[in-house]
Structures are given as structure tokens and as C-alpha cells.
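Please examine the structure shown below. The briefing that follows it is arranged by topic.

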Amino acid sequence: MNSRRDFLKKSILAVGTTAMGSTLLHAEDFSSAKTKGGISINQNDVILFQGDSITDAGRKKDNLNPNEMNAFGGGYAMLAAGVLLNKCASKNIKIYNRGISGNRVPDLMNRWQADCIDLKPNIVSILIGVNDFWRTKDRGAINTPEQYKGQYKELLDKTLAALPNVKLIIGEPFGLKDVKHINDSWYPEFPKYQLAARELAKEYKTAFIPYQDIFDKALKANTGAYWTTDGVHTSWAGANLMAESWLAQINLK
């Protein structure tokens, strides 16, 4: 993990230099998001990445400081944050990663005050849902797509009640079929969780990143095992694709 993380960190200068340009692949080639460039970064903004292991990406959890590389792990959040800190250097922004491996929506709820509300973020990016489904398969958890949507809705309501002006970004949970853990048994149930995330983004008028569609289109360039290590967790290429897709939501001009 350390060697992989160090390798990813060395890439941040290249990613920051090109921003949404050509690093591995252009996000615009694969993204069908309708809110590209719709979120502006303002002076002194606080930006928060939240989610599960895909966001966590091995971050050093005892480092709670913003803008420090080892507090971001080796995934899309680190790559995207590096670009923001580069391109918005004059705006004095603070960026946090509070993703925790294994988390589901109820886990976010349990820590939301300390790991979101108290940080007073202006922009909150959430990627959650794969474990809400996965735990029903591997650990016998009971959580239907309807329950997932209801819990997620409660989380968004709590966020907006405390931070009425916050800008929200919802990422679609994704899985690349026939790569290790992701097989036929995930279907047709898992897409119902994805649909719930899309419906919430529409209902709450948030930015939405259709990661499943983005990765499905990326399969034209290479296999699912190229983009992910197990169908869910990203390779370096997959993390880069996610970062570029995330940055496509931001107006960096």
C-alpha cells in the first residue's frame, strides 16, 4: 500500500499541471454528467470528500488536517484535491477527506456531526452505497434499496438543515461486472441502489457523477481489471478517471 500511495503522490504534480486535460484519459470522453462545471470555488471555501473505502483509499486517519497529502490516501479524492489546491491557490481553500472503509449510510449518519457539520463545508461530495448492498450479500445485513434511499434522504436533510447553502455532489455507487467480487449475483438488485442515488440527486437538485456509466464507457479502452482491482476499488487509472470526472463538476476558471 505504501509504495502504491507514494507512486500516486508523485503523480499529483502531473495531474495538477494538466487539471482536466490529458493524464490517462479524458473524463469528458466517458462522463454523461449534466452538471459539468456548475460548481464554483469561492474564497475560503471548505470542501469535504465523504464515503467508504473508495474515498478513504488508505488515508492516514489520525491526520485530520486539511490540505495534507497523507490525510487523503491514494485515490480519486487525493488526485482531485491536488488539482483544486493548485488551480485555486489564491482562494485559501481547505479540503478534507473523511471517507472510511466499509462505511454505509448509517455509518455516515453516526459520525456526520463531527465529520461533516462541524467542519462547516461549503461543498460536500458523497460517494456511498456499494457497502449498503454488499453487506446484504456477504454478511447477511438487511437493507433494501428503499431503506438505503430513506437513510440517504435523512442524511441529506440533516446536512441541508445545518448547512442550508451547501453545494452537494452525489457520486453513483458502481461495480465492474466479472471482476473478482462483482458477478451475476449482484444483478438486478445492485442497480436499484444506483437508481436511488440518481433519484436523490434529481430530487435535491445536486450535482451527480454517473460513475457506472463513466466506467462502462471506459471499458471500450481497456478491461474492468485495468480500471479496478476487484470490481469496486480503483487502480491508479481508475482513480484518475474518477478524479477527472469529479473535477468536471467544478468551474476552475
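The model is predicted. Its open sheet has five strands in the order β3-β2-β4-β5-β6, and their pairing is parallel. Strand β4 is mostly covered, and helix α4 is largely enclosed by the rest of the structure, because nine of its twelve residues are buried.

**The sheet**

- The strands at the edges are β3 (94–97) and β6 (207–209), each of which pairs on one side only.
- From one strand to the next, the twist averages 15°.
- Strands β2 and β3 run parallel and are joined by four bridges. Within this pairing, Leu48 has Tyr96 in β3 as its bridge partner.
- Strand β2 (residues 46–51) is also joined to β4, by five bridges, and these two strands run parallel. Here the bridge partner of Gln50 is Ile126 in β4.
- On to strand β5 (residues 167–171), β4 is joined by five bridges, again in a parallel arrangement. Ser125 has Ile169 in β5 as its bridge partner.

**Strand β4**

- Strand β4 covers residues 123–127, and five of its five residues are buried.

- Helix α4 (residues 76–87) has twelve residues. From its first C-alpha to its last it reaches 17 Å, which is close to the 16 Å expected at 1.5 Å a residue.
- The buried residues of α4 are Tyr76, Ala77, Met78, Leu79, Ala80, Ala81, Gly82, Val83 and Leu84.
- Helices α4 and α11 (residues 236–247) pack at an angle of about 45°, and their axes are 8 Å apart. This angle makes α4 oblique to α11.
- The crossing of α4 past α11 is right-handed. On the α4 side, the contact is made by Tyr76, Leu79, Ala80, Val83 and Leu84. On the α11 side, it is made by Ala239, Asn240, Met242, Ala243, Trp246 and Leu247.

- Two packed helices are described by the angle between their axes and the distance between the axes.
- For helix α5 (residues 105–115) and helix α7 (residues 145–162), the angle is about 20° and the axes are 9 Å apart. Angles under 35 degrees count as roughly parallel, and α5 and α7 are therefore roughly parallel to each other.
- The crossing of α5 past α7 is left-handed.
- Val105, Pro106, Leu108, Met109, Trp112 and Gln113 are the α5 residues that meet α7. Their counterparts in α7 are Tyr148, Gln151, Tyr152, Glu154, Leu155, Lys158 and Thr159.
- Helix α5 also lies across strands β2 and β4, and it runs at about 160° to β2.

**Asn65 in its loop**

- Asn65 is located in the loop between α3 (53–56) and α4.
- The relative accessibility of Asn65 is 39%, so this residue counts as partly exposed.
- Residues up to four places away in sequence aside, Asn65 touches Ala71 and Tyr96.
- Asn65 and Asn97 are 32 residues apart in sequence, and their C-alpha atoms are 9.2 Å apart in space.

Technical notes:
Residues numbered from 1 in each chain as written. Predicted model: local features only at pLDDT ≥ 70, side-chain atom pairs only at ≥ 80, totals over all residues. Heavy atoms only, no water. Buried < 20%, exposed > 50% of the residue type's maximum accessible area, 1.4 Å probe, protein only. Pairing = 2+ DSSP bridges. Expected span 1.5 Å × (residues − 1). Axes fitted to C-alpha atoms, helices over the stretch in contact; angles between N-to-C directions. Parallel < 35°, antiparallel > 145°, perpendicular 65-115°, else oblique. Left-handed = near helix turned anticlockwise from the far one by under 90°. Contact = heavy atoms within 4.5 Å.
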